[in-house]
Amino acid sequence: MLLRRSPFRWFRLLGILYLVIGQPTFADTVWMSNGDVLSGDIIKLDAGRLSLKTQYAGTLELDWSFVSALDSDKTFWISLIGEKQASLRQIKGQETGVTVIEADGQKRSFSAAWPLAAIHTNKPAIADTWEFGGNLTAILDGSFGNDDELLFGVEGTLNINDQWNKNALYWDIEVENDDGVKASLWDIGYSYSRFLDEHWFVQAAAGQEHDSTEDLQVLTSLGGTLGYRFWETADGFLRTSAGLSQLWEKYEDRELEQDYALTWIFNYSTKIINNWHYFADSRTFFRMKGSTTLFTLNQGIKIGLTDQISWKLTHTLDYDSDPVDQTKKADGRIRMGIGYQW
């Protein structure tokens, strides 16, 4: 007995085939901070511009600072801030925030879109995940206040970062010519920051300062803080942290003093115009035993002359609410330097 195939079966097969290959691909979706919702195909995110190919307006070049969320069913080569190597990832989001999905399924959720640094459809030729960078600056330092001096020196930083871990080593060494060259001032330190998400981080730091002309000749500190990053882009950043430190203070004519201190750190940089940037970095120690304060502020202007060469003008203020000489609570310095960054 022969079984006849129902003609409706062929219609069902054709319907399934249409659903599989006949449906149009889903477009990517971009939410803007002004409430606009755009659909199209994400081409790339590079140099602060998101390229979105649309059927109704061609390719749009969107200012990345106004993008609040992204969503796509495709996989892209994506790098986050602090990374130089992109990885194959997916992006999900709606209205505000982005979730980055790794190849192994791990998810990282961000409350804004700006932690994404670059998006490409093809693998870009870039370096390793860990980013090595730094700068070296030759400086001329004129101090005023407690003592008048003219010093020459070199300062620099070395940064080893990825998206979640940031290591910073810094140094500042200056000398003066006073009956022969002698070391007058140094400031060296190291900090490690571990980011818990795109905003919150914990930091451990150690440092030592020496000034042969001051009553407080050596200050050594070791401590930890909890911090918050408001933003960090190519044009600037704003971070602050607070915690507890151990201080060791060596004076010229007193024994070594130890104290715990509440600590507050503030770091800010912003682009003014073109290659001009303003920066401000401060650190405050509030000694717990004597209820006294040590405060340091470095602020100034940095001008990029080329991609690697810059000129920097810095004003430094040191304040001690309880110095050995009560008439000398504040010191100020004006520093100029030419630096190279990599």
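## Basis of the model

The model is predicted: local features need pLDDT of at least 70, side-chain atom pairs count only at pLDDT 80 or more, and totals for chains, interfaces and linings use all residues. Residues are numbered from 1 along each chain as its sequence is written, and side-chain values use heavy atoms, with hydrogens and water left out.

## Overall fold

The chain has 22 strands and 1 helix. These elements are DSSP runs numbered from the N terminus: helices are H or I with at least four residues, strands are E with at least two.

The chain holds 342 residues, and 40% of them count as buried. Buried means under 20% relative accessible area, exposed means over 50%, and partly exposed lies in between (1.4 Å probe, protein chains only). The accessible surface is about 19,600 Å². Carbon and sulfur atoms hold 59% of that surface. Areas come from the Shrake-Rupley method with a 1.4 Å probe; for residues, only the protein chains shown count as cover.

Contact means heavy atoms within 4.5 Å. Among contacts with a separation of 6 or more, 48% join residues 24 or more positions apart.

## Nonpolar cores

A nonpolar core is a set of buried Ala, Val, Leu, Ile, Met, Phe, Trp, Tyr and Cys residues joined through side-chain atoms within 4.5 Å. In soluble globular proteins, nonpolar side chains tend to be buried together. The largest core here has 27 residues. L70, I91 and L116 touch the most other members. Seven strands are listed as each supplying at least two residues of this core: β1 (28-32), β2 (37-46), β3 (49-54), β5 (67-71), β6 (76-80), β8 (98-101) and β10 (116-120).

Leaving out residues up to four places away in sequence, L116 touches L45, W64, L70, I78, S79, L80, I91, V98 and V100. Another core lies apart from the largest one. This other core has 5 residues, among them L219, L247, A261 and F285.

## Aromatic pairs and charges over rings

The structure holds 5 aromatic pairs. In one of them, the ring centres of F195 and F201 are 4.9 Å apart and the planes meet at 40 degrees, so the pair is tilted. Rings of Phe, Tyr and Trp (its six-membered ring) pair if their centres lie within 6.5 Å; planes under 30 degrees apart count as stacked, over 60 as edge-to-face and the rest as tilted. F195 is buried at 2% relative accessibility. F201 is buried at 3%. Elsewhere, ring pairs link W200, Y228 and F230 into a cluster.

Two arginines lie over ring faces. R229 sits over F195, at 4.1 Å from the ring centre. R239 sits over F237, at 4.4 Å from the ring centre. A charge sits over a ring if NZ of Lys or CZ of Arg is within 6 Å of the ring centre and within 35 degrees of the ring normal.

D172 lies in strand β13 (residues 165-177). D172 is buried, with a relative accessible area of 11%. Its side chain makes a polar contact with the side chain of R335 (2.8 Å). Beyond its neighbours within four places in sequence, D172 also contacts I139, V154, E155, L185, W186 and D187, among others.

S241 is in strand β17 (residues 236-251) and is buried at 5% relative accessibility. Its side chain makes a polar contact with that of T225 (3.3 Å). The residues in contact with S241 include F201, Q203, L226 and W264. S310 is in strand β21 (residues 309-320) and is buried at 4%. The side chains of S310 and Q341 make a polar contact (3.1 Å). S310 also touches K302, I303, G337 and I338, among others.

## Positive phi in loops

E95 is not a glycine, yet has a positive phi of about 70 degrees. E95 is in the loop between β7 (87-92) and β8. At 51% relative accessibility, E95 counts as exposed. S291, also not a glycine, has a positive phi of about 55 degrees. S291 is in the loop between β19 (276-287) and β20 (292-304).

Key. Polar contact = N/O pair within 3.5 Å; in protein donor to acceptor, adjacent residues only side chain to side chain.
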